[in-house]
Amino acid sequence: MEKINIIGGGLAGSEAALYLAQRGYKIDLYEMRPKKQTGAHTTGDFAEFVCSNSLGSIAPTSASGLLKQEIEILGSNLMALARTHSVPSGNSLSVDRFGFSRAVSKLILENENINVINEEVEKIPEGLTLIATGPLTSPVLCEDLCKKFGEEHFKFFDAIAPIVKKESIDFDKAFFGARWDKGDADFINCPLNREEYLKFYDILINAQKIELKDFEKETLDKALKGGAKFFEGCMPIEQIASRGIDTLRFGPMKPVGLFDRRKFKEGDEEKFKKQQFYAAVQLRQDDKEANLYNLVGFQTNLKWGEQKRLIQSIPGLENAEITRYGVMHANTFINSPKILNKSLQTLVSPNLFFAGQITGVEGYTESIATGLFAAINISRYLENKTLIELESVSMLGALIDYITFKEHKNFQPVNSNWGIIKEMEMPKQVRKNKEQKNTLYANRAIEYVNNLKNMI
């Protein structure tokens with residue numbers, strides 16, 4: 001039986017390795033960590049979360065929630081582990097990042113069909129290969145990919161949010177609550193008045209940033225000139241703030257729908273409804289034990305001393321103990337519309353597939369999904385079956401269709417969203433109702449994926 005090379009032990013590579021190994025295929029899984037780190041990872045574990053610990057919404061009528069349902073139907077191992085290692089986070093799926101990665105690593109290391117090789121891959125290996133090296137693909141392998149495809153790689157910047165210890169938060173000022181009181185009160189909220197916000201903003205816009213490496217400086221210059229872009233979902237907070245003094249208050253620090261019920265007695269409902277903060281910082285649970293919380297939307301590249309000063313200017317976080325500081329790094333993705341077909345197989349070499357963020361999908365769930373889909377097609381390729389090309393009536397199909405659409409004039413990363421899914425006819429009154437409209441799209445997608453599962 002032909003052995004399959006999988007390059008990269010992140011979310012996509014781990015998902016693909018487990019899927020194929022469970023079907024009896026022999027895998028050589030290459031992961032350069034912990035011998036060589038990326039600058040963003042901190043462990044040698046497989047499927048390590050490096051940015052937020054959230055996989056996004058689980059609501060069945062959300063784009064992210066629908067994608068989760070689809071890959072669970074198709075047998076995703078990592079999504080099942082994410083459910084097992086979830087931590088409270090309202091209507092989203094967030095995980096204990098270390099517990100999750102350790103569980104994935106255990107499954108991989110105990111599988112007799114997976115041979116783990118802790119080495120940096122510098123050239124595309126011979127034979128059937130899946131490249132799932134993610135947005136932090138090593139420069140040496142990038143050079144080989146450029147030689148292989150004759151295409152320049154786009155780059156954009158990603159950033160990681162700081163994490164603080166819960167025990168160091170002042171709950172005389174901070175409070176637990178969910179926006180509009182919907183769902184469980186899983187988020188810690190730190191409200192700011194106008195004076196406090198202006199002080200925070202002044203510190204932020206005058207703070208010093210970490211000196212970038214030479215290759216990152218070059219990439220950042222291109223980014224600011226339009227040659228590459230920040231991905232909006234991970235925009236550094238200092239970059240958002242540079243757009244205007246109130247930008248944060250309508251973005252990651254928006255106070256809308258947040259209320260501190262402790263301020264009012266029973267029967268003061270009208271006063272309670274009128275309560276409004278000038279701005280607010282939210283923190284989301286980061287580990288199973290609820291000892292650590294990350295600052296939502298606070299991805300940053302400020303110097304660590306500046307980050308500490310900024311965080312401790314937030315009411316309730318004056319004595320915050322910071323266990324991880326934010327960092328920013330260059331990310332890489334291929335020009336997928338020119339390189340891949342709709343089966344995630346390369347156009348120039350049927351033995352070579354890609355999956356994960358290197359393809360231009362953005363997000364944890366999206367990475368897992370493309371790893372699973374690539375593995376399904378690799379299995380079919382080995383069995384001499386027709387490879388699957390999904391219709392864009394499902395969220396996974398819409399993602400694949402987007403990143404392989406040949407007419408892109410300026411291809412940029414994308415995550416799951418309703419704007420990419422194939423439209424369907426429906427009455428005008430239903431189309432105007434977001435919940436009803438998305439329910440119809442979701443029902444169509446689930447039916448399609450269930451039929452697909454029966455075919456695989």
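Hi everyone. The protein chain has 15 helices and 16 strands; helices (H or I, at least four residues) and strands (E, at least two) are DSSP runs, numbered from the N terminus. Please keep in mind that this is a predicted model, where local features need pLDDT of at least 70, side-chain atom pairs count only at pLDDT 80 or more, and totals for chains, interfaces and linings use all residues. Residues are numbered from 1 along each chain as its sequence is written, and side-chain values use heavy atoms, with hydrogens and water left out.

Of the 456 residues in the protein chain, 57% are buried, meaning under 20% relative accessible area, with exposed being over 50% and partly exposed in between (1.4 Å probe, protein chains only).

Let's start with β11. How many residues of strand β11 (residues 187–192) are buried? Six of the six, so the strand is largely enclosed by the rest of the structure. In a regular strand, side chains alternate between the two faces of the sheet. Here Phe187, Asn189 and Pro191 point one way, while Ile188, Cys190 and Leu192 point the other way.

Two strands pair if DSSP finds at least two bridges between them. Strand β10 (residues 175–177) pairs with β11 in the antiparallel sense over three bridges, and Asn189 is the bridge partner of Phe175. Strand β12 (residues 279–285) is also antiparallel to β11, over five bridges; there, Cys190 has Val281 as its bridge partner.

Now for helix α6 (residues 194–205). Which residues of α6 are buried? Tyr197, Phe200, Tyr201, Ile203 and Leu204. They cover an arc of only 160° around the axis, which puts them on the same side of α6; the arc is that of the directions from the helix axis to the C-beta atoms. On the other side, Arg194, Glu195 and Lys199 are exposed. The cover over the buried residues of α6 includes β11, α8 (237–241), β12 and α10 (304–311), with contact meaning heavy atoms within 4.5 Å.

Last stop: helix α13 (residues 395–403). Seven of its nine residues are buried, so α13 is largely enclosed by the rest of the structure. Among them are Met395, Leu396 and Ile403. What covers the buried residues of α13? The cover includes α2 (63–73), α11 (336–339) and α12 (364–382).
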